[in-house]
Amino acid sequence: MDISITKTSCPKEKPDSSTLGFGKIFTDHMFVMDYSREKGWHDARIVPFGNISIHPASTVLHYGSEIFEGLKAYRRADGVVQLFRPMENIRRMNASAERLCLPQIDENEAMHILKTFVSLEQDWTPSAPGTSLYLRPFMFGNDESLGVHAVHNARFMIIASPVGSYYPEGINPVKIMIEDKDVRAVRGGTGYAKCGGNYAASNRAGERAEQKGYTQVLWLDGVERRYIEEVGAMNVMFKINGEIVTPALTGSILPGITRKSCIELLKSEGYTVNERLLSIDELEAALKDGSLEEAWGCGTAAVVSPIGELAYKDEVFTVGGGKIGPVTQHLYDTLTGIQWGRIEDKFGWTETLD
Ligand SMILES: *Cc1c(COP(=O)(O)O)cnc(C)c1O
């Protein structure tokens, strides 16, 4: 695949690491590629970062055909920039595309695109502790007509944003509210796809939780409102009586790459990890009798995020004394160690840009 490259004539100044935040600053360039049923994917190009122009009837604006991915490029101490399990993101993007009737991208071509783009922008990968270059591939339906059908035209893009440390003041356990009214996804729906629509449906509950002083909501399944699913933009894990439990991938949960990595890492070290259904009743009982030892969220942004407080209906429970537990800390240290190249990567999870 040929990628045409048009470099910006006015490169921006790199920001100070302490001012980064999340997703507010973007690099000098972006990747763009168009799809039509007739031509397939075509016009792969890297162009200066800037606004795009789409038709007012573009499918994405009316019917929400949009999927995305999120992964990071990490700068190691030796200066080399590396990615963490990027093929997993590419495969998940194709799985999301299949669900939304958006076109597939050949895995190897997608990897070539990703690495070409990141290589060009790699100077934007910050080096301060905990910082990284966040990569946001996304795809949307782009037919110029209001007819409702699987799309015939689409666009794929990648933008990149240097992001700050998720924990500039050290890891702080978060407060989570278990949502018992709104639901995020149902089996047979789009819960397992990383699509914008899932987020649109989640915002109301997230907003209500925030008003009550909680960081995010913990979703229950959409059919019985009984089984634990996931937290906002993170999967969730619990340590109950020595057993590590995470909700099984039933179709309504996003199959997180951090989740998968936590499971593989813990199993390799001899921990018991079970992917199964976990009901709110079981969780509530474990909160009440003290057998819930640890709870944490896991996702690319925070890696692992200890849960220090869980609220359900009118009750508020403290988890692990409101402090980060040993398994959570171990996962955080090991995964971030591998990602930033401080720990040997025995799993072959990291990839340089070659
Ligand atoms: C992206 C995402 C996750 C976490 O996935 P990672 O691959 O670990 O970053 C979890 N839940 C939802 C809803 C997500 O969108």
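A salt bridge is a side-chain nitrogen of Lys or Arg within 4 Å of a carboxyl oxygen of Asp or Glu. I worked with that definition on a predicted model.

**Entry 1: D354 and K115**

I looked up D354 and K115 and found that their side chains meet in a salt bridge, at 3.1 Å from N to O. The pair links distant parts of the chain, 239 residues apart. D354 sits in the segment after β18 (350–352), and K115 belongs to helix α3 (residues 107–121).

**Entry 2: R92 and E69**

How many salt bridges does the structure hold? I noted 24. One of them that I looked up joins the side chains of R92 and E69, at 2.8 Å from N to O. R92 is in helix α2 (residues 86–99), while E69 is in the loop between β4 (66–68) and β5 (71–75). I checked the cover on both residues. R92 counts as buried at 10% relative accessibility, and E69 is buried with a relative accessible area of 1%.

**Entry 3: E293 and K239**

The side chains of E293 and K239 meet in a salt bridge of 2.6 Å, N to O. I found E293 in strand β15 (residues 292–299) and K239 in strand β12 (residues 235–240), so the pair ties together parts that are 54 residues apart in sequence. E293 counts as partly exposed at 31% relative accessibility. K239 counts as buried, at 14%.

**Entry 4: a network**

Which residues are linked in a network of salt bridges? I wrote down R85, E88, K260 and E264.

**Entry 5: strand β9**

I turned to strand β9, which spans residues 174–178. The strand is mostly covered, as 4 of its 5 residues are buried. I next asked which strands are joined to β9 by bridges. Strand β16 (residues 303–312) is joined to β9 by 5 bridges, and the two run parallel. In that pairing I found I176 opposite L310 of β16. Strand β10 (residues 216–220) is joined to β9 by 3 bridges, and these two also run parallel. Here I178 stands opposite L218 of β10.

How values were computed
Residues numbered from 1 in each chain as written. Predicted model: local features only at pLDDT ≥ 70, side-chain atom pairs only at ≥ 80, totals over all residues. Heavy atoms only, no water. Buried < 20%, exposed > 50% of the residue type's maximum accessible area, 1.4 Å probe, protein only. Pairing = 2+ DSSP bridges.
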